[in-house]
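The following exercises concern one protein model.

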Amino acid sequence: MEINLISDTITKPSREMLVYMLNAVVGDDVYKQDPTVIELEAKVAEIFGMEAGLFFPSGTMANQTAIKLHTQPGEQLIADKYAHVYHYEGGGVSFNSGVSCCLLDGNRGMITAEQVANAINDPEFYHSPMTSLVCVENTTNKGGGACYELEDLQKIKEVCDANNLKFHLDGARIWNALVAKNQNPKDFGKLFDTISVCLSKGLGAPIGSVLLADKATIHRALRIRKILGGGMRQVGYLAAAGLYALENNITRLAEDHRRAKEIAEVLKKVNWVESVEPVETNILIFKLVPNCIEKNLIELLKQKNISISSMGHGKLRIVTHLDYKEVMHTYVLETLLKL
Ligand SMILES: *Cc1c(COP(=O)(O)O)cnc(C)c1O
């Protein structure tokens, strides 16, 4: 029994998902003739109460398209210091959009309206880059799966409106937030100019993200996606995996959250762990006591068929997911306790 807790991206499509994919009706999506892709785009848009959606091969491409949509070269975006768009998208912010990042010292990857307001450059002060976009992440990745209160996002939105800034949500794990906080996706649709969501994280699809916006913005996004090489042909087979995931794999995310919390409880009891960050969703970050070396712990667990990842600076990360089943969970809890 191999237990992989490195990420929720490691899930493999189930037999049921594969059968659903196999039965998809497809066409050439570059000509907008793939009915399954069109169905997926419309469905995700409807969930969030937004006008239109566009299917992407990755969350990175969806985020990068959003940044390109909302900025001009030389401008600046505001994000948390842990932001995925800054850390884990290969420098695409500068490569694709010629934009710099003003990084805020948020709490577990979450920023406040006050921090945003203080970070906006005076548009009349032409020495500084023009601030044009705010990006938030929900749930936060490097922030340990933390999720925003809707009111806090509402306040950031007010600052954006007052200062003529666009507002983008990197919602790679928005599904986890919706389940954990019992929030209504339509409330998110009202707040943001663009939202990107992933189907390939907790939802268990092998690939796929959707970018949401109003119709005119999605029309512009189509050209950017094409430029980035993201125009795909009979991709309804992959969109079908997303449709299956939306239908079957959202409410069960609560199980992933429960298991992550139960692992956290065990880690709080053992003497080799110094601290465990609060667990809200499926990501758990913990810190080892100073004389315990990350690499050694990872190796020790590996020998017991459990894989987890290092975040550097003595921190480690565990992510629960669809393919992490109850039998594995029981074994992991016992193993950690006995280690
Ligand atoms: C995974 C992730 C993305 C997108 O990643 P891809 O691997 O390109 O699909 C974007 N933002 C966050 C916060 C993520 O965790």
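**Exercise 1.** Does Arg 108 count as buried or exposed?

*Solution.* The model is predicted, so local features need pLDDT of at least 70 and side-chain atom pairs count only at pLDDT 80 or more, while totals for chains, interfaces and linings use all residues. Residues are numbered from 1 along each chain as its sequence is written, and side-chain values use heavy atoms, with hydrogens and water left out.

Step 1. Buried means under 20% relative accessible area, exposed over 50%, and partly exposed in between (1.4 Å probe, protein chains only).
Step 2. Arg 108 has a relative accessibility of 15% and therefore counts as buried.
Step 3. Arg 108 is located in the loop between β4 and α6 (113-119); helices (H or I, at least four residues) and strands (E, at least two) are DSSP runs, numbered from the N terminus.
Step 4. Beyond its neighbours within four places in sequence, Arg 108 has contacts that include Tyr 82, Thr 140, Glu 277 and Glu 280, where contact means heavy atoms within 4.5 Å.

**Exercise 2.** Determine the setting of Cys 101.

*Solution.* 
Step 1. Cys 101 belongs to strand β4 (residues 100-104).
Step 2. Its relative accessible area is 22%, so Cys 101 is partly exposed.
Step 3. Apart from neighbours within four places in sequence, Cys 101 touches Gln 76, Leu 77, Tyr 86 and Val 93.
Step 4. The C-alpha atoms of Cys 101 and Leu 77 lie 5.0 Å apart, although 24 residues separate the two in sequence.

**Exercise 3.** Which strands form the edges of the seven-stranded sheet?

*Solution.* 
Step 1. The open sheet has seven strands in the order β2-β8-β7-β6-β5-β3-β4, with mixed pairing; two strands pair if DSSP finds at least two bridges between them.
Step 2. β2 (52-56) and β4 each pair on one side only, and are the edge strands.
Step 3. Within the sheet, β6 (residues 166-171) and β7 (residues 194-198) run parallel and are joined by four bridges.
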